[in-house]
Amino acid sequence: MQELKNTFGIEGKAESDRRIMIEIPDPAQIRKVAEFLREKGIDHVKSITGIDYPDQKKFSIVYHVSSYGDFELAKLILSLRTYVPYERPEIETLYEIWPSVWTFERETYEMLGITFKGHPDLRRMFLPEDFEGVYPLRKSFKVKQEALFIDKQA
Amino acid sequence: MLPEGGMGVEIVPASGELNVGPQHPGAGHMRIVVKLNGDIIEDVDLDVGYVHRSVEKLCESRNYMHLIPLVERPAILDSIHMNLGYIIAVEKILNVQPPERAQYLRSFAAEVNRIASHLYGLGILTVFLGHSTGFMWGFGDREVWVEILQALTGARVTNSYVIPGGVRRDLGSSIVEMTNKALDYTERKLKDWRSMVLNNPVLRARLENVGVMSKENAIKWGAVGPNLRASGVYYDVRKTEPYGAYDKLDFEIPVYKEGDGFARTLVRFEEIEQSMKIIRQIIKDIPEGPILADRFLNQIPPTRRKKWLEEQRRVVFPGYYASFRPPKGEAISRIEAGRGELVYYVVSDGTAHPYRLRMITPSYRLIYVFKQLSKGARYADLVSIYGSLDYFPPEADR
C-alpha cells in the first residue's frame, strides 16, 4: 500500500480489512499499477464494471482483483477505479497481465463502447448480430416499458 | 500401400469449421463454432447470448426489493445462491446484520440448493456422455432436495427466500423430519452413484486425462468453483470470507491435483457429501431466536407480528421494503454458489433503484476457460469438457 503510494503517487483507502479501494486518476497508469500488483501476488480479475456518468461526461471503470494462489491474500478484494472521458473512451487492455480479463473487456466494450486497446478479440459477445442503437448500458439507452391496461368495470 | 484392386481408403487431412448448436442436444442455448483440423480442435469460438435478458440494465429501473426475483432468474437451479449474494451486497450498503438463526437458515437453504445443483450437473454430464441412467438418477435424486426447498420457501424454482435483514420463513419440525429422511436416502443413493456412475469404465475413459487444466492455467484463466479446486487451488469463499453460519460449521473443501474432467466430477460429488455433513450440523445446532433483524421486525404492527411470527412462523413484509432508499455508497459481495464464486457489485446513489448493478456469475467466468481448454482436444471430447465444467448458458448470459 505504502509502496504503491511512493511509486505512483496514488492514494488507497481501506474500507475494512478485506476491501481496499484504489483510485487511479490517470487511466494511462493502469497498466503499470497492474504489473506492480501482479508481482505482489494478485493473480486474477474478478470483475470489470463500467459505470456511465452522463452529467460528468465520463465513464468509470472499476477492476476488482484478488488472488487465488495465496490464501491470506485471497481474503482481500482490491478495487482499482479509473475514469475515461466521453470524447475518447479508450484504455489499455490488461490481457497480457491478467488473461482472465478477456470476457470482461469484451462485454464492457459491447455494452458501454469503451475500447480496450490491444485486446486480441474485441468483438460483440452477447448482443444479437443485427443490434442497432446506442450502447445498451449507457444511461441514454432507455428500456421500453410495456404498459398494462386493465378495463375497469362500470 | 494397399495392393491394387483392394479396398483402398485414402485419408485426406481435412480442416474446416463446424457449427455445434444452438439446438444441438449437447450445446444447450449456445452455438459453438469449432475450427477443426482432422478431429483435433484448433480453436473454439463461443457464440453466447441466446438467453441474454439484460438483467444489469433492468436493475437500473427497478426497486431493490423488486430485483430479488429478477437476479434469481439466470440460474434457476441455484436461485438461493443468486438471491443470497445480492442480499449480502444490499445489506452491506444498508448496514444491517441479520440475527443468528437467520444466518443458519441461509446456510441451510444454500447447502440444500448446492446438492440439488450438483446433482443436476452430474445428470447433465452423464447424458452428454450417453449414460442416460445417470441423467435420470440425477434428476430423480434432485427432486428430494427440491421438495425440501419447496416446503421451506413455498416456491419450487425461484425461491426468493432471503430478504434484507433475514429470511422469510422459519424451519418447522416437519421440514426437519423431511430433511432427515432425505439425508438417509441420499446417503444410500450416493453409494449406488459411486459404483454405477463414477466407477463406470466408459465414463472414466471419457473423463480421465481429458481437458486437463494445470494449476497455473486455472489461476491465469480465472476459473471458479469446483473446476478451480479440481486443479489443486484451495479456494472457497466459504473458507476465505465466511458468510452465513459457515464460520461456525465444520466442513472440508475437496481439492484434487489432476485437473481433468474426472477430478472435476469427483470434487462435485464430494461436495455433496460435505453439504450433507453441514446440513446435519445445522439441524443439530441451530439456535432459537428471531429470523429477521429487529430494525425491520419492529416496523410490523405488534398483533400481526405475533400472529405471523409465532403461529405461522413466517415474515410478512414491513412497509419499509416497498421502496427503501439505501444511503449512497457501493458494496461488493462474493459467495460460493453451486458452480463457483458469485460476485455482486452494487452502486447506490441514494435513490430507490441501484445506479449500477454488476453481476458476475460463475459460468460467465468459465467462458474463457472453456475456450482455452478445448484447444488441442479431440472433437469427441468437446462434450465431455463442456459437461465436466458444468457450464450453464443462461447463467453466463444473464
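Glu91(B) is buried, with a relative accessible area of 6% (buried means under 20% on that scale, using a 1.4 Å probe and protein chains only). Keep in mind that this is a predicted model: local features need pLDDT of at least 70, side-chain atom pairs need 80 or more, and totals for chains, interfaces and linings use all residues. Residues are numbered from 1 along each chain as its sequence is written, chains are lettered from A in the order in which they are written, and side-chain values use heavy atoms, leaving out hydrogens and water.

**Around Glu91(B)**
- Glu91(B) sits in helix H3 of chain B (a DSSP run of H or I, at least four residues).
- Beyond four places in sequence, its contacts (heavy atoms within 4.5 Å) include Arg106(B), Ile163(B) and Pro164(B).

**The largest pocket**
- A pocket here is an open set of points on a 1 Å grid over the protein atoms alone, with protein on both sides within 12 Å along at least five of seven lines; lining residues have an atom within 4 Å of a point.
- The largest pocket has a volume of about 680 Å³, taken as the space filled by probe spheres set on the points, which are joined across faces, edges and corners.
- Of its 29 lining residues, Arg19(A), Ile88(B), Lys92(B), Glu241(B) and Ile332(B) are the closest to the centre.
- S6(B) gives the largest share of that lining, five residues.

**The largest cavity**
- Cavities (sets of points where a 1.4 Å probe fits but cannot get out) of 30 Å³ or more number four.
- The largest cavity holds about 50 Å³, and its lining includes Trp193(B) and Phe262(B).

Terms used. Helices (H or I, at least four residues) and strands (E, at least two) are DSSP runs, numbered from the N terminus. Buried means under 20% relative accessible area, exposed over 50%, partly exposed in between (1.4 Å probe, protein chains only).
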